[in-house]
Amino acid sequence: MKLQEHRAKRLLESYGIAVPEGYLIRNEGEVLPVTDPVVLKAQVLSGGRGKAGGVRLASSLEEARNAAKDIFGLTISGYRPKEILVETEVDIDREIYLSIVIDRSAGLPLLLLSTEGGVEIETVPEEKIGRWHIHPFVGVKDFMVRGMIERLGLEGRSKKEFDRMVRALWILFYEMDCELAEINPLVLAEEGEIVAADAKVTVNDDALWRHPELSDAEEELTQLETEAREKDIAFVQLEGDIGVIANGAGLTMATLDNLSLHGGRGGVFLDLGGTDDPKKVEDALELMLKASPKVILLNIFGGMTRCDSVASGVLAVKKRLGISVPLVTRIRGTNEKLGRDMLSEAGVIALGSLDEACRKASEIGGS
Amino acid sequence: MSIILSSETRVIVQGITGHQGTHQAGAMLDFGTKVVAGVTPGKGGERVKGVPVFNSMRDAVSSTSANASIVFVPARFAMDAVLEAIDAGIETIAVITEKIPIRDSMEFIQYARIKGSRIIGPNCPGIASPGLSKVGIMPNAIFSRGRVGVVSRSGTLTYEIVNALTEAGIGQSTCIGIGGDPVIGTSFVEVLRLFEEDKDTDSVVLVGEIGGTAEEEAARFIGDHMSKPVFAYIAGRTAPPGKRMGHAGAIIARNMGTAQSKIDSLTEAGARIASVPQEIPRLIEKEC
């Protein structure tokens, strides 16, 4: 789960990491009198906020109100900002990049540090990025911090502050089950103060049960995505018109790929998980109907469940809700012939070959 | 010989009294696996499918000399179960459970390294060597004994491919699902090395998907160290960036982990690429 910036900053603050002074508004009337220049930041999770006009500077109340009004009127990657973070502008001496991510190859957290802050890390040349793996049984040790401080060339107060904050960030990363904790830029302000001017924190979805305090954090999910999550179904909306249901993530992706070879375009990725439980098939079909695709392709590779019981599930939904769009099924496994016969009799296209099913669905989708 | 398992592998089912544990214990027994014990704290003394249940891994190991385990314990308690298995000296631990927090997986995988245990998974279908043993949940009926090794990040997609191999008369030495999570215990590279050394494996099928760089690392190993032919299929060519496609690890992030990058690396390393899963048996028939 990606946290909104203001939420991420509150978290940093609770671990003793300094963030700019600020407050949250839900409409332009909530802007407070401006003494020092402020920056107004749209609270949206998608990237490209700055380019879309979601970050504005203001040095008077009137300017700030106008900027807030503009920002609330924006649509950034499909989302309208509901909140704006109003912060006192920080005096920037230097900008640094600091993050901890999970290095999948090593299976360990990796700390990334660069003297070039304020730009996307992907654009920074390799040799300018310092890397330290943090072993969970060892943590951040003195020698690592010395290496970081040397790399940054810090002295005096900022050296001490950095030492404290980098250890705090690791504790936060660990305790909060983060996949990403990124501070960019980390600002060296005047008098050696170190402030997190922006923050991105992603908490591992599978660990959210350990963090009930985040249960009210707002996520940018569509109605259908929310419903899918409640039913424990993996659901991704795509740009095409063919709704694909399959059991297992790999199989669902493979089905979408196979469609594309026949010119078909997937509109929904719906993964039941590694199950062929007829009840789950029913839930999935119901959900898929709400996404109103032009055609539905159901691809089940049966493991333990019998194909005839999957077929009964499909027919039950057909009877209960009616399926107004063409349904192409491809079902393999125990009793597959019986299952296909049951479906065919009820007017559902039932095939045994995945390639053939993909061709059929693509034809219908493309027509 | 096959890899990792043998007919002598003695297996404990952790979480045997749960619905999935009981069901899969039966399926493994049907496959011919030596399931020697089950463990569920508080249920010691019971029997499930004729298999004795113990309260702890320590008790189960000392009574049965088991050397492998399979974990069905729910995500919140999975880390404890895996650590207990490592502590009891289990050599091979297949973690089937999905949705285990990454931090937990990271820690039990590191602990396993220190203690010399092998973790397969988590979020995986396990491992099967037809005719010998299965420590996993793959359907028994899809397998046939033979000389092709299969390694995959996926579950049902692997069943699909193994089934297609069997239908084409191509048997398997060992099939292993390494898991769909971002952090896993046994990598493609480790499995490829074992297959390369295994005298009962002639060629290898690798099933990858978008996300991470495991396939690119596999390609490097194939180019540098593999003499046996490798046939690969990569799922997710049409997946959009930034979306998690079912598996926690299946996400194109920061321009990394695209299917094309994996296909290019594997092609360059000399692997044959199938554009659809069903093409794999045809490619093998042509080559071997």
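**Group meeting: two chains, a few residues**

Let me open with B:Ser65. This serine is exposed, with a relative accessible area of 53%. The cut-off for exposed is over 50%, so B:Ser65 qualifies. Keep in mind that this is a predicted model.

Where is B:Ser65? It lies in the loop between α2 (57–64) and β5 (68–71) of chain B. Its backbone deserves a look too. B:Ser65 is not a glycine, yet its phi is positive, about 55°. As background, most residues other than glycine have a negative phi.

Next, peptide bonds. In general, most of them are trans. In chain A, a cis bond joins A:Asn184 and A:Pro185, with omega about 5°. A:Pro185 belongs to strand β8, residues 178–188. In chain B, the cis bond runs between B:Gly121 and B:Pro122, and omega is about 10°. B:Pro122 is in a loop, the one between β7 (118–120) and β8 (126–129) of chain B.

Another proline in chain B: B:Pro52. Its place is strand β4, residues 51–54. Is it buried or exposed? What does it touch? Setting aside neighbours within four places in sequence, its contacts are B:Val36, B:Ala37, B:Gly38, B:Glu46 and B:Arg47. For a sense of distance, take B:Thr213, 161 residues from B:Pro52 along the chain. The C-alpha atoms of the two are separated by 42 Å.

Now a buried site, B:Thr158. It is in helix α5 of chain B, residues 156–167. Its relative accessible area is 4%, so B:Thr158 is buried. A polar atom of its side chain lies 2.6 Å from the backbone oxygen of B:Ser154. Not counting residues up to four places away in sequence, B:Thr158 touches B:Val150 and B:Ser152.

Step back to whole chains. Chain B has nine helices and 14 strands. Its radius of gyration is 18 Å, close to the 19 Å that the globule rule gives for 288 residues, so chain B is as compact as a globular protein of that length. Along the principal axes, its C-alpha trace spans about 55 × 40 × 30 Å. Buried residues make up 62% of the 288. Of the chain B contacts with a separation of 6 or more, 73% come from residues 24 or more positions apart.

Chain A has ten helices and 16 strands. Its C-alpha atoms fill a box of roughly 80 × 50 × 35 Å along the principal axes. Of its 367 residues, 53% count as buried. For contacts between residues at least 6 apart in sequence, 67% join residues at least 24 apart.

Last, surface and charge. Chain A exposes about 16,000 Å², with carbon and sulfur atoms supplying 49%. Chain B exposes about 10,300 Å², and carbon and sulfur supply 49% there. How many charged side chains are there in chain A? The count is 44 positive and 61 negative, and the centres of the two sets lie 4 Å apart. Chain B has 28 positive and 30 negative, with the centres 3 Å apart.

How values were computed: Residues are numbered from 1 along each chain as its sequence is written. Chains are lettered from A and ligands numbered from 1 in the order in which they are written. This is a predicted model: local features need pLDDT of at least 70, side-chain atom pairs count only at pLDDT 80 or more; totals for chains, interfaces and linings use all residues. Side-chain values use heavy atoms; hydrogens and water are left out. Helices (H or I, at least four residues) and strands (E, at least two) are DSSP runs, numbered from the N terminus. Buried means under 20% relative accessible area, exposed over 50%, partly exposed in between (1.4 Å probe, protein chains only). A polar contact is a pair of N or O atoms within 3.5 Å; within protein, one must be able to donate a hydrogen and the other to accept it, and residues adjacent in sequence count only if both atoms are side-chain atoms. Contact means heavy atoms within 4.5 Å. The radius of gyration is taken over C-alpha atoms; the globule rule is 2.2 Å times the number of residues to the power 0.38. Accessible areas come from the Shrake-Rupley method with a 1.4 Å probe; for residues, only the protein chains shown count as cover. Lys and Arg count as positive and Asp and Glu as negative; His and the chain ends are not counted. The place of a charge is taken as NZ of Lys, CZ of Arg, CG of Asp or CD of Glu.
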